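Please keep the sequence and the model in view while reading.

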Amino acid sequence: QVRLTESGGGLVQPGGSLRLSCAASGSSVNINAMAWYRQPPGKQRELVARITSFDSTYYVDSVKGRFTISRDNAKNTMYLQMNSLKPEDTAVYYCNVRWGGPYYYTDEYWGQGTQVTVSS
């Protein structure tokens with residue numbers, strides 16, 4: 001069982017920045033990919049950004065140029081640096097880990113979620 005511990009959410013004004021963190025238990029060699037999803041109020045959960053074991057990244061169009069996903073393998077931790085935040089970024093953000101190996105995954109784990117609110 002992999003435990004994911006998220007931190008860094010909060011209330012920020014439009015144009016501000018936040019950095020989310022997600023620490024995973026276990027060995028980083030078993031991580032296939034790590035990702036951030038978000039679920040705005042009344043909407044479905046969507047993929048925001050993903051980083052693979054080869055450091056390949058993906059971003060949803062709405063956050064390109066504003067958000068940066070990164071990982072520290074030594075700490076088994078993933079980050080999401082969010083700049084130029086907009087009210088439409090308001091959501092519960094979830095950490096996601098695909099567990100297995102560099103070329104495959106057998107399990108998927110979720111964090112408990114952290115609230116990000118962008119409002120003046």
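Which residues form a nonpolar patch on the surface? The patch consists of Phe54, Tyr103 and Tyr104, which together have about 430 Å² of accessible area. Patches are made of residues with over 30% relative accessible area and no salt bridge, nonpolar side chains (Val, Leu, Ile, Met, Phe, Trp, Tyr) being joined within 5 Å; a salt bridge is a side-chain nitrogen of Lys or Arg within 4 Å of a carboxyl oxygen of Asp or Glu. Accessible areas come from the Shrake-Rupley method with a 1.4 Å probe.

The model is predicted: local features need pLDDT of at least 70 and side-chain atom pairs count only at pLDDT 80 or more, whereas totals for chains, interfaces and linings use all residues. Residues are numbered from 1 along each chain as its sequence is written, and side-chain values use heavy atoms, without hydrogens and water.

Tyrosine 103 lies in the loop between β9 and β10 (104-110); strands are DSSP runs (E, at least two residues), numbered from the N terminus. Tyrosine 103 counts as exposed because its relative accessibility is 72%, given that buried means under 20% relative accessible area, exposed over 50% and partly exposed in between.

The whole structure contains two aromatic pairs. Rings of Phe, Tyr and Trp (its six-membered ring) pair if their centres lie within 6.5 Å; planes under 30 degrees apart count as stacked, over 60 as edge-to-face and the rest as tilted. Tyrosine 37 and tryptophan 110 form an edge-to-face pair, at 4.8 Å centre to centre and 65° between the planes. Tyrosine 37 belongs to strand β4 and tryptophan 110 to strand β10, so this pair ties together parts that are 73 residues apart in sequence. Tyrosine 37 is buried, at 14% relative accessible area, while tryptophan 110 is partly exposed at 37%. Phenylalanine 54 and tyrosine 103 form a tilted pair, with 5.3 Å between centres and 50° between the planes. This pair links the loop between β5 and β6 (57-59), which holds phenylalanine 54, to the loop of tyrosine 103, 49 residues apart.

Leaving aside neighbours within four places in sequence, leucine 80 is in contact (heavy atoms within 4.5 Å) with residues including Leu20, Trp36, Val48, Phe67 and Tyr93.

Conventions. Patches are made of residues with over 30% relative accessible area and no salt bridge: like charges are joined within 9 Å, nonpolar side chains (Val, Leu, Ile, Met, Phe, Trp, Tyr) within 5 Å. Helices (H or I, at least four residues) and strands (E, at least two) are DSSP runs, numbered from the N terminus. Buried means under 20% relative accessible area, exposed over 50%, partly exposed in between (1.4 Å probe, protein chains only).
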